[in-house]
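The following note sets out several points for a reader who is new to protein structures. Please keep the sequence and the structure in view while reading.

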Amino acid sequence: MHAGRLTGTVAGVIALALTAAGCGLSGSSGSGDATAGGCKVDKGNVGSGKLTGDVKGKITFQTTNLKKDFGDFFNGVIKDFEKAHPGASVKWIDDPGDNTFTQRTVADAQACTLPDVLNLNSETATALTKAGYLLNVGVKDPDASKPFVPAFWNSSTFKDASGMPLHTALPWYTGGILLTYNTDLLKKSGIDPDKPPTTLFGLFADYEKIAKTSDGTYYATMANPIWRIPADWDQMNVKILTDDGKTAVFGDDPRTTQWVAWMAKLYKEGAMPKDSLSSSNDPSTLYSQGKVAYGSTNPSFVRFVKQNSPSVYTKTGVGQQPFDQLGHTTAAPQYISVAATSKNASAALSFAEFLTNAENQTAWCKDPAVVIFPTTTTSLNDPFFQKVTGSDPFSAARKLVAEQLKTTTAYQTNLSPAVQNAIVAQVQLAMQGKKSPAQAVKDAQSKANELLKQAG
């Protein structure tokens, strides 16, 4: 459901394209029109001042790979909106959300053909905001923030070409993270499942206990560090990139080397299956077989275990993923934005706010076909998320994630696949004992910077 991250090559193409696109939001001289990027738009769409005008006209709404599974739901939302606003009509289109999504969306923006209302990931919202193609909803509707969790709203900002943070997107649905674990296996290793660790190194210490007591009959977790980078470092509050995203600096923090040293130690001591170091498999299969103590951090994983391994499900517990130095969790929401190039911006903004209001967010999150979480305060307080049925792990997971999302931020470090893979490769060498942790971190930062420089 999420569009892929940018490769370095695509990022470079987009950077060049946006440079050629124009100068962002500005008024034009004397015509009564204005420009957004390189497109002529209504003057009311840009600059300061609340958006005015009747909610009418035809608008296009674009989602990302949702129509197949959720056609009935979104058609219902559209029907309700059109009933409330007889002068407005909504055409729904669905993008596949593949690896060229950002590139194609930028091309649409430059051609002045962006859909009026768009479902965006953070990478695409960043690119379009920088070039001035998105409506500044925080200015155009000063009340736009009211439904949303304050921490979500405050951190869901994107910068224009001058570096000014703007609210060009409404936070929509999101995932969450938590610890999932086999309570029997933890108890065998002398770990109290009711007292999850509060730091990542504390979690690693529990992994080590499992390695020492399991004698290879079961493991703590999977080895491939691609599942943990950059998430672990973000949670440790390690600064990974400079503020402009152009330089890697994670090697400047000694805790990064400590983290790699822990990973190498755990791998050597047998906390992880040896053949999982370069495997793309997550813990799902081995956990369901009772061979891995800690499962995926994705809440939907708990439902997967419930459906596919009832015997292990009865032993499954959920707990708080360590907040570590960051002090709260992070999330990567999907967003709803309005094109500044919309010819019916009042209708587009009204529909965007209707789509993301508490009622519609709650209704969609209750759909049994999906495990997602809302971004509005009212939705997170709904009994669906707050009520735990007995000792049911899945309902406990929902409540735990809903509570932590009330203080979450949307900040996560975005690494291109090329940069992430370069870092992971060096950590893998350290885990195999082919490099010292310090040398692996030094080389990882150097290789990351080479790639970041190439991407511009």
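1. Charge. In this predicted model, the chain carries 43 positive and 40 negative side chains. The centres of the two sets are 2 Å apart.

2. Overall form. The chain contains 20 helices and 12 strands. Its C-alpha atoms fill a box of roughly 75 × 50 × 35 Å along the principal axes. A compact globule of 456 residues would have a radius of gyration near 23 Å, and the chain, at 23 Å, agrees with this.

3. Interior and surface. Of the 456 residues, 53% are buried. The chain exposes about 19600 Å², and 51% of that area comes from carbon and sulfur atoms. Among contacts with a separation of 6 or more, 73% join residues 24 or more positions apart.

4. Helix H15. How many of the eight residues of helix H15 (residues 358-365) are buried? Six are, and the helix is therefore mostly covered. The buried residues are Ala358, Asn360, Gln361, Thr362, Trp364 and Cys365. They pack against helix H2 (67-84), strand S9 (170-171), H14, helix H16 (377-380) and helix H17 (383-386). At the start of H15, a side-chain oxygen of Asn357 comes to within 3.2 Å of the backbone nitrogen of Glu359.

5. Ser350. This residue belongs to helix H14 (residues 345-355). Ser350 has a relative accessible area of 18% and is buried, because the cut-off is under 20%. Leaving aside neighbours within four places in sequence, Ser350 is in contact with Val55, Phe81 and His85. Ser350 and Tyr173 are separated by 177 residues in sequence and by 18 Å in space, C-alpha to C-alpha.

6. Ser296. Where is Ser296 placed? Ser296 sits in the loop between helix H11 (284-288) and helix H12 (299-308). With a relative accessible area of 14%, Ser296 is buried. A polar atom of its side chain lies 3.1 Å from the backbone nitrogen of Asn298. Not counting residues up to four places away in sequence, Ser296 touches Leu178, Thr180, Pro283 and Phe301.

7. Backbone geometry. Most residues other than glycine have a negative phi, and most peptide bonds are trans. The peptide bond from Ile229 to Pro230 is cis, with omega near 10°, and Pro230 lies in the loop between helix H8 (200-214) and helix H9 (231-235). Cys112, which is not a glycine, has a positive phi of about 60°. Cys112 is located in the loop between helix H3 (101-110) and strand S6 (117-120), and its relative accessible area of 35% makes it partly exposed. Asn237 likewise has a positive phi, near 65°. Asn237 is found in the loop between H9 and helix H10 (254-269) and counts as partly exposed, at 45% relative accessibility.

Conventions
Residues numbered from 1 in each chain as written. Predicted model: local features only at pLDDT ≥ 70, side-chain atom pairs only at ≥ 80, totals over all residues. Heavy atoms only, no water. Helix = DSSP H or I, 4+ residues; strand = E, 2+ residues; numbered from the N terminus. Rg over C-alpha atoms; globule rule 2.2 N^0.38 Å. Buried < 20%, exposed > 50% of the residue type's maximum accessible area, 1.4 Å probe, protein only. Contact = heavy atoms within 4.5 Å. Areas by Shrake-Rupley, 256 points an atom, 1.4 Å probe, with all protein chains shown as cover. Lys, Arg positive; Asp, Glu negative; His and termini not counted. Charge placed at Lys NZ, Arg CZ, Asp CG, Glu CD. Polar contact = N/O pair within 3.5 Å; in protein donor to acceptor, adjacent residues only side chain to side chain.
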